[in-house]
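Colleague: Please take a close look at one part of this model for me: the interface between the two chains. What holds the two sides against each other there?

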Number of protein chains: 2
Amino acid sequence: MLPQEVEELIREMSEERIRGASYLAQMGAKAYARLAEILEGEEFLNGLKDLGVEILNVNPTMASLYNLVRFIPIIDNPEFVAAKANEFIRLSEEAKREIGNIGSELIDQNEIIITHSYSSTVLEILKKAKEKGKAFKVIISESGPDYEGLFFAKKLEEFEIPFEVITDAQLGLFAKNATLALVGADNITKDGYVFNKAGTYLLALACNDNGIPFYVAAETFKIHPEARAEDIKIIERKFKRDHIIIRNYLFDATPWKYIRGIITELGILVPPKEI
Amino acid sequence: MLPQEVEELIREMSEERIRGASYLAQMGAKAYARLAEILEGEEFLNGLKDLGVEILNVNPTMASLYNLVRFIPIIDNPEFVAAKANEFIRLSEEAKREIGNIGSELIDQNEIIITHSYSSTVLEILKKAKEKGKAFKVIISESGPDYEGLFFAKKLEEFEIPFEVITDAQLGLFAKNATLALVGADNITKDGYVFNKAGTYLLALACNDNGIPFYVAAETFKIHPEARAEDIKIIERKFKRDHIIIRNYLFDATPWKYIRGIITELGILVPPKEI
């Protein structure tokens, strides 16, 4: 049994509908830090194990959660665990800032950037590009049924970055007029598949068909150290419209051959030539 | 000025949000037939011209409306015009039945058919395949923001054809597991582009990427005799979610290279080899 306060954090993570793999990993790290404040001894050690399982269950598609759980040692030393949890948060914030620095260099004057759903990492790049004085426009898909795209649009309003919102079905139509595509990621597998919000694969295909460079922005903790695409479980949240059940897998997989590069805090990863 | 009753038919056509190019062409033909009952002489001749313009304005993307207007002669003979209007309706019903006969032959036992939005022509094929005793399943996209896919799903419920509804963003995910794609059309241009509900192009790309045969079902009156893709005006119906304007072009264009064949009442058209 985890302390109620920690369970509450896990519940919040499970109910999050807008923010993705970066945010949830940070929340998971906060749950570890909190656990280290509350428990000690045998109870702490058992709590650590349980918390790892619960964090993975929040969203088994996300490599960020897998890597967080891997990052935290299971040892009977709450201070050290808390320090590691806080280190994870600090590293992930630094990574995001650095991705903003690197990614914003890809944005040219008057770029038309198309994106799908909401990514805090993509937002960071756009903010940095704006700070650097670049003028550009963003095309955002709504991303039904939870409309993360509208959340993204409101963030861009805040930063006075011009945007247009489109329905998901128009990703192909609008990709034709874009000059750059930029999306986030929830998991990047060993065999080079990018798992991101369902619809990303469609955008990648449309960009490929129209010669639009398609980039992924992701902290390296979203790279899965072991899994291949077929090992990834894609979680589904079915819902109803009228009386009809709507299938709703949250993520899809884009193969590396459609990706120009993955912008990480260490630099831009490009596919090996033979792909 | 058109008679109020005819204006009313045009208004209904303009407000139709679910049914497509076949249905609207038939309604247009009914408007011609009704005009021929109400007016005569000079008034009838002027009414004919005005009605043609108004029908084209209902949806300039639809070749079916263009071909209807082309099919109706502008002559001072209400009986003849009414006969032509009724001939159009009869031919279009025969065409749909024949497409059902031909198209249903493409459906094998245990086929998984993916489609986008609602098409009465695709529905006809599925009904015929069911009548022929074939067992198959249909995957339908919702097709936001008007959810024609749900309308389609309810039709399939009626005919006891098994189906699953997905969000538009999952077209790529589910195309992988389909064995056949089947969509309708609103306009097929001289240079081989199929204009259909926005999102169709994305489905075609996903089918191409996964080796799934992609067929279009369309009466020949949806083939535009003159226009090329760049001549087609795609109508847009913007809407708001929260305070944010959402762009909403209704159609996109799929090039012929991604289409295995177009099922018409005359047989299946296939792309010339060099495409």
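Modeller: Here is the interface, from its extent down to single pairs.
This is a predicted model, where local features need pLDDT of at least 70, side-chain atom pairs count only at pLDDT 80 or more, and totals for chains, interfaces and linings use all residues. Residues are numbered from 1 along each chain as its sequence is written, chains are lettered from A and ligands numbered from 1 in the order in which they are written, and side-chain values use heavy atoms, with hydrogens and water left out.

Start with extent. On chain B, 45 residues contact 45 residues of chain A (heavy atoms within 4.5 Å). The two chains bury about 3,500 Å² between them, 60% of it on carbon and sulfur atoms. Buried area is the accessible area (1.4 Å probe) that two parts lose on being put together, summed over both. In chain B, the residues that lose the most area to chain A are B:Ala169, B:Leu202 and B:Arg247, together 17% of what that side buries.

Now the charges. The rule finds 6 salt bridges across the interface (a side-chain nitrogen of Lys or Arg within 4 Å of a carboxyl oxygen of Asp or Glu). One joins the side chains of B:Lys154 and A:Asp242, at 2.4 Å, N to O.

Strands meet here too. Strand β9 of chain A (residues 244-247) pairs with β3(B) in the parallel sense, over 2 bridges. Strands are DSSP runs (E, at least two residues), numbered from the N terminus, and two of them pair if DSSP finds at least two bridges between them. Within β3(B), B:Val165 stands opposite A:Ile246.

Definitions and conventions
Helices (H or I, at least four residues) and strands (E, at least two) are DSSP runs, numbered from the N terminus.
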